[in-house]
Amino acid sequence: MSESVFPGLSQSVATLRASEIRELLKLIARPEIISFAGGIPDPALFPLDSIGKAYQSVLQNPAMAGEAFQYSISEGYPPLREWIIGYLKNHGIEAGIEQVLITSGAQQALDFLGRALINPGDAVVMSSPSYLGAIQVFGTYQPKFISVPMDDEGVLLNDLETAFKQKPKFFYLTPDFCNPAGITTSLARRQAILELAHRYNVAILEDSPYEELRYENARIPSFAALEQQYLAGPEGDGKRLVVYIGSLSKVLTPALRIGWVCADPSLINKLVLVKQASDLHCSTINQMVACDIAKASHASQVEKLRKAYKERRDVMLEALERCLPKEVRFTRPDGGMFIWLEFPDSIDGAELLAEAVKDIQVAFVPGSAFYANDVKRNTARLSFSLGEPARIREGIERLAALLQNKLRANRAA
Ligand SMILES: Cc1ncc(COP(=O)(O)O)c(C=O)c1O
């Protein structure tokens, strides 16, 4: 398709480009393709029974149905916010109802935070690589991105401190099993990052949609929980800098579009005004249904998903270990949906994808999509959330064979 020539596009929209992932999803929908590209929940695991019953019970109750289809408050359906407060409490975060705003998925939370915090040209710090949707949405507010590379424990502290010296508006990361790299920020690294954030007065945007999808090792406290401990202690400086972003998309279903922000009430007040100006409120019927199924099925869903996704992760890791050329490095995530590959410099992830789709009917996402700057092209993201274990195994075996051939050819050249 040719570039849009519609006259008068704003600078921030004119520079928007179609997401490589969304474009890819169209291409790889063909049934013969073994796709590791999507990174979406498996629809076979949606709690459809509970969802059906929850809609029915609202519709059969005239008072509730009236409320469900009426305009409502921007902050969100109070019983759902109460459920979220309970969820946060279980995760070591004490919050009042005035600290929780329901958003249309975590994605809208990121958009509103970008709108509330970024002026054009402001510095914004991102883990590198980072969630593509965050790069895209913050990009519309025209910040100057500063990327901080990661090792197995999270972002590198020296680089983070250098970035913080440039007085950024915030530091964005996904601490648990991050999308795309599958890396979990260790406890020691979280504590050090929090200390730096308070020293330099930089907000931390903690995006945590995957935290329940943990398949091994103990949960690590969130930045929000650690900050509360710090604020309650003798050193506490009284500033609540952590903004926690949650979502029901990965555990229940993304279609309800339920996410939330938990933050200092002074920020939430502003975000509520942004929400009012943007879309007034989230769908009340969906919030009621989400509340109902969250209460009834959240725990059992988490258990079901952990079992299913753990098996798929294990199959993918086993196949990677067995077949992948030794020069290719990969991460071993404790949870989530993603494994990250790093090839020798001679291999470009996008070129490899084109060959893989054509020659071996395997798809993944080239890693270059996940960099705000300092792009590393020799990378790829694999998702194990969809697909039968046997197909995962088959897909990795094919990909490994293609890589062996390419590396052999490169050595011979
Ligand atoms: C890290 C991260 N944040 C946010 C989102 C958006 O999730 P939601 O469906 O809640 O908008 C995603 C979705 O893939 C994600 O991976």
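Let's start with Q108. Its relative accessibility is 11%, so Q108 counts as buried, the cut-off being under 20%. One caution before going on: this is a predicted model.

Where does Q108 sit? Q108 is in helix α6. Setting aside residues up to four places away in sequence, Q108 touches T103, K275, S278, D279 and C282. With one of these, D279, there is a polar contact: the two side chains meet at 3.1 Å.

Now the helix itself. α6 has 13 residues. From first C-alpha to last, α6 reaches 19 Å, close to the 18 Å expected at 1.5 Å a residue. Of its 13 residues, 10 are buried, so α6 is largely enclosed by the rest of the structure. Which ones are buried? They are G105, A106, Q108, A109, L110, D111, F112, L113, G114 and L117.

On to the ligand. Helix α6, residues 105–117, gives the most to the shell around the ligand, with 3 residues. There are 14 residues around the ligand, and A106, D207, Y210, S247 and S249 come nearest. A106 is also one of the buried residues of α6.

Take D207: an N or O atom of its side chain is 2.6 Å from a nitrogen atom of the ligand. Take S249: an N or O atom of its side chain is 2.6 Å from an oxygen atom of the ligand. Then K250: one of its polar side-chain atoms lies 2.7 Å from an oxygen atom of the ligand. How much of the ligand does the protein bury? Taken alone, the ligand exposes 400 Å², and the protein buries 92% of that.

Next, helix α12 and Q301. Q301 lies in α12. Is Q301 buried or exposed? Q301 is buried, because its relative accessible area is 3%, against a cut-off of 20%. A polar atom of the Q301 side chain lies 2.8 Å from the backbone oxygen of V251. Leaving aside neighbours within four places in sequence, Q301 is in contact with L45, P47, V251 and L252.

Now E327. E327 is found in the loop between α12 and β10, residues 329–330. E327 is partly exposed, with a relative accessible area of 37%. Again not counting residues up to four places away, E327 touches E342, P344, L407 and R411. The side chains of E327 and R411 are joined by a polar contact of 2.8 Å.

α14 covers residues 389–412, 24 residues in total. α14 reaches 35 Å from first C-alpha to last, close to the 34 Å expected at 1.5 Å a residue. Its buried residues are P389, I392, G395, I396, L399, A400, L402, L403, K406 and L407. What covers them? The cover includes β1, α12, β11, α13, β12 and β14.

Last, the backbone. Most residues other than glycine have a negative phi, and most peptide bonds are trans. Here are the exceptions I picked out.

Two peptide bonds are cis. One joins S128 and P129, with omega about 5 degrees. P129 is placed in the loop between β3 and α7. The other joins N179 and P180, with omega about 25 degrees. P180 is placed in the loop between β6 and α9.

Two residues have positive phi. K167 is not a glycine, yet its phi is about 50 degrees. K167 is in the loop between α8 and β6. K167 is exposed, with a relative accessible area of 72%. D374 has a phi near 50 degrees, and D374 is not a glycine either. D374 is in the loop between β13 and β14. D374 is exposed, at 60% relative accessible area.

One more from the α8–β6 loop: K165. K165 is exposed, with a relative accessible area of 53%. K165 and Y200 are 35 residues apart in sequence and 7.2 Å apart in space, C-alpha to C-alpha.

Definitions and conventions. Residues numbered from 1 in each chain as written. Predicted model: local features only at pLDDT ≥ 70, side-chain atom pairs only at ≥ 80, totals over all residues. Heavy atoms only, no water. Helix = DSSP H or I, 4+ residues; strand = E, 2+ residues; numbered from the N terminus. Expected span 1.5 Å × (residues − 1). Buried < 20%, exposed > 50% of the residue type's maximum accessible area, 1.4 Å probe, protein only. Contact = heavy atoms within 4.5 Å. Near = heavy atom within 4 Å. Polar contact = N/O pair within 3.5 Å; in protein donor to acceptor, adjacent residues only side chain to side chain. Areas by Shrake-Rupley, 256 points an atom, 1.4 Å probe, with all protein chains shown as cover.
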